[in-house]
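Here is a short briefing on a structure, grouped by topic. Please keep the sequence and the model open while reading.

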Number of protein chains: 2
Amino acid sequence: MSWKTILEEIGRRAKRASYLMAKATTDQKNNALAAIAEGLRRERGRIEEANRKDVEQARESGISGAKLDRLILSEKVMSEMVAGIEEVIAWPDPVGKITGLWKRPNGLKVGRMRIPLGVIGIIYESRPNVTVDASILCIKSGNAVVLRGGSEAFYSNQCLVGIMREGLRKAELPEDAVQLVPTTEREAVLEMLKLEEYVDVMIPRGGEELIRFVSENARMPVLKHYKGVCHVYVDKFADLSMAETVCVNAKVQRPGVCNAMETLLVHRDLAGKFLPRMKEVFDSHGVELRGCPRTREIIPCREATEEDWKAEYLDLILAVKVVDSMNEAIDHIHTYGSAHTEAIITENYERAWAFIESVQSSLVLVNASTRFNDGYQLGLGAEIGISTSKLHAFGPMGVDELTTTKFIAFGNGQIRT
Amino acid sequence: MSWKTILEEIGRRAKRASYLMAKATTDQKNNALAAIAEGLRRERGRIEEANRKDVEQARESGISGAKLDRLILSEKVMSEMVAGIEEVIAWPDPVGKITGLWKRPNGLKVGRMRIPLGVIGIIYESRPNVTVDASILCIKSGNAVVLRGGSEAFYSNQCLVGIMREGLRKAELPEDAVQLVPTTEREAVLEMLKLEEYVDVMIPRGGEELIRFVSENARMPVLKHYKGVCHVYVDKFADLSMAETVCVNAKVQRPGVCNAMETLLVHRDLAGKFLPRMKEVFDSHGVELRGCPRTREIIPCREATEEDWKAEYLDLILAVKVVDSMNEAIDHIHTYGSAHTEAIITENYERAWAFIESVQSSLVLVNASTRFNDGYQLGLGAEIGISTSKLHAFGPMGVDELTTTKFIAFGNGQIRT
């Protein structure tokens, strides 16, 4: 059988399952989630065994530190996974909500009803916990999911998917609501990206290369997040001690993630006072600074090139630029930013609102750290990703973003004249 | 200069214009729209001349009846265009609306603000009035637009775009908020589809072939509408005279459009009574019926093949099937339908709700004609298209669907711990 035939069969089954999932009651979906949590606890041994196989193979093929770490389903990762499921059970069910019906002049009552997207495809890299974290959000929102995990996690993923399908069966829901593509061959992935008839949206999670590959080849809509080149702009009316605290947090607290600050923009009026102070603090945290010429007149550091303004370092490196005005800061953000997260530090009311209104990023903050761009931190619950394309969802995507609305209309014989 | 260079320059200008459009006040945008309406009235002579050039060339190249008709900017088309602009001016501005701020445990106030999508690309075929109709919706919603019209309407489109750019300039808005790709060469279109860095969404309007081409080649999200294979299901509890009126309206009132009925599903319990009656009515309207074997036991007609169940006839032809149950009708819709518009005719409360909840189409109606799936008819105002993909918008897309939301957050020094 060709990959085309196999993937089409997976697509067809997912579509069929999606119609049953869309009609599932909240209780049924929560029962399935509870059965999955129970299964993950009960089958701990089997999961460990499968994971050990993956880890051994990865070691043999020479996979290194951080990448190997991500592969391991440790005690901690497993219990966070189960705790996550219990939290999702407690959330309200987004499906079926009708937010108002309006009455047309001809008496037709028209409204919008929230419904699942249908079938969600997820293509991801090494972490096997994504297999469960993503699937439970899809189940809660009444969707079917087709998973394509990384080759390193093949055995772990198969084991986890088996447990989830068993949980669905126990709740009398279709087990095909969770399916794993049984290979990681590139050809199979290409066929998966052609399933526009069956898969309503594709969500790639991983490095920039993976995301570009998916977005260039997928025929269905893609919800994607390229990178986070996040800025903090320290305005001339900033409280300097607040600016210091926020900048340190934005850069240092977890430099390897997408919502960490990569470029610091400082208003010229306080650069002379602020930059020497920050140089000292950043030095103490081991942060390497790369500055524009005006920055380098104030503090010693390497010169920033055009590449630095575009860089997502994901590391203890920070580009620094002195600007003449807030507008120059905003222009810089629109030219080099990635529409992810930007913050202004200011005590001026007018400037706070102007920044909020002018900057077109998925999260714009006043006087707070860029690190808050995250589903949990913003109060949405767990997220399936952060979208930096503006369609459908912009910013963290929670369970609501895995749904859409259809129009519904109640008539008594209306016809169009 | 290569098309790549030219298109990238158009993209860059559009992006720059989009930041100014996003900050434009409601008055500025309405002033631009009023100046455009005024310009279209004043420059009537110039528009007619340009349009005459297109029509002559089209005639010479042998373009026929309906296609030629669509090209002509008649008195009627022009005054509808201007009336449309005046209506759009009266609408509320969707941009800037904040629907609630919630407070996080750390005091951070988080909300969502409605913002324009940014840059919208529109690729369409012959009708030159689309050039104006689509652009004014983009201006009202604070977006910049890049237009690629059909080659037949080249001179008309250039003239109309010139008038719109002048209107923008008069309102002190960037004229690059409306740009026309200065060619209809295929290579230029391909380059336009690669402008993912500048264009936030691509909207193709035209035949299935155009839409498939755009969706297979675009790197940015595409809002598309393939086809409307719409169903009416006449339930066993239907009021037969209402069923007759609605079915005739759905099929006959305008058979060439996407929300016309293409397949009629009839419950077996009333098929014996309903079908002979409908055969007579449809005969009188010149509708050709193609039936399943059980239909042909009741009324004489050609046999429907598998192809008929999938067909969007856009003509006076109707496929007819007798079903054993509502579930069989729903299965048929999910197997052969296009998720566009489906209606049930029933007097039974339980079945009306079950149909509404089970059918996953962009509009699901009870006791009303499928012909209502249209922005004006549903009360959204003018539409830029009808989306049958579920992401971002599902169903008619009005001005609100040309916007998205960003997260905003007001803090007083919050950092992440």
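B:Phe410 is buried, at a relative accessible area of 16%. The model is predicted. Over all chains, the count of aromatic pairs comes to 6.

- B:Phe410 pairs with A:Trp353, and the pair is tilted. The ring centres are 5.1 Å apart, with 50° between the planes.
- A:Trp353 sits in helix H15 (residues 349-358) of chain A. B:Phe410 sits in strand E16 (residues 403-414) of chain B, so this pair joins two chains.
- A:Trp353 has a relative accessible area of 28%, so A:Trp353 counts as partly exposed. B:Phe410, at 16%, is buried.
- A:Phe410 and B:Trp353 also form a pair: their ring centres lie 5.1 Å apart and their planes meet at 50°, so the pair is tilted.
- A:Phe410 belongs to strand E16 (residues 403-414) of chain A. B:Trp353 belongs to helix H15 (residues 349-358) of chain B, so this pair too joins two chains.
- A:Phe410 is buried, because its relative accessibility is 16% and the limit for buried is under 20%.
- B:Trp353 is partly exposed, with 29% relative accessible area.

**Salt bridges**

- How many salt bridges does a search of the whole structure find over all chains? The search finds 73.
- Side chains of opposite charge can pair when their charged atoms come close.
- B:Lys4 and B:Glu8 meet through their side chains in one salt bridge, at 3.2 Å from N to O.
- B:Lys4 and B:Glu8 are 4 residues apart in helix H1 (residues 3-23) of chain B, so about one helical turn separates them.
- B:Lys4 is partly exposed at 44% relative accessibility. B:Glu8 is partly exposed as well, at 29% relative accessible area.
- B:Glu191 and B:Lys194 form a salt bridge with an N to O distance of 3.6 Å.
- Is B:Glu191 buried or exposed? B:Glu191 is buried, with a relative accessible area of 13%. Its partner B:Lys194 is partly exposed at 36%.
- B:Glu303 and B:Arg296 are joined by a salt bridge of 3.3 Å, N to O.
- B:Glu303 has 41% relative accessible area and counts as partly exposed. B:Arg296 has 38% and is likewise partly exposed.

**A network in chain A**

- Where is A:Arg12 placed? A:Arg12 is in helix H1 (residues 3-23) of chain A.
- A:Arg12 is partly exposed, with a relative accessible area of 35%.

**Positive patch on the surface**

- Which residues gather in a patch of positive charge on the surface? They are A:Lys67, A:Arg70, A:Arg127, A:Arg205 and A:Arg254.
- A:Arg254 is placed in a loop of chain A, between helix H10 (240-252) and strand E8 (261-267).
- A:Arg254 has 48% relative accessibility, so A:Arg254 counts as partly exposed. Membership of a patch calls for over 30% relative accessible area.

- A:Glu172 is a residue other than glycine, and its phi is positive, near 60°.
- A:Glu172 lies in the loop of chain A between helix H7 (154-170) and strand E5 (178-180).
- At 70% relative accessibility, A:Glu172 is exposed.
- A:Ala339 is not a glycine either, yet its phi is positive at about 60°.
- A:Ala339 lies in the loop of chain A between helix H14 (326-336) and strand E12 (341-345).
- A:Ala339 is partly exposed, with 22% relative accessibility.

Notes: Residues are numbered from 1 along each chain as its sequence is written. Chains are lettered from A and ligands numbered from 1 in the order in which they are written. This is a predicted model: local features need pLDDT of at least 70, side-chain atom pairs count only at pLDDT 80 or more; totals for chains, interfaces and linings use all residues. Side-chain values use heavy atoms; hydrogens and water are left out. Patches are made of residues with over 30% relative accessible area and no salt bridge: like charges are joined within 9 Å, nonpolar side chains (Val, Leu, Ile, Met, Phe, Trp, Tyr) within 5 Å. Accessible areas come from the Shrake-Rupley method with a 1.4 Å probe; for residues, only the protein chains shown count as cover. A salt bridge is a side-chain nitrogen of Lys or Arg within 4 Å of a carboxyl oxygen of Asp or Glu. Lys and Arg count as positive and Asp and Glu as negative; His and the chain ends are not counted. The place of a charge is taken as NZ of Lys, CZ of Arg, CG of Asp or CD of Glu. Buried means under 20% relative accessible area, exposed over 50%, partly exposed in between (1.4 Å probe, protein chains only). Rings of Phe, Tyr and Trp (its six-membered ring) pair if their centres lie within 6.5 Å; planes under 30 degrees apart count as stacked, over 60 as edge-to-face and the rest as tilted.
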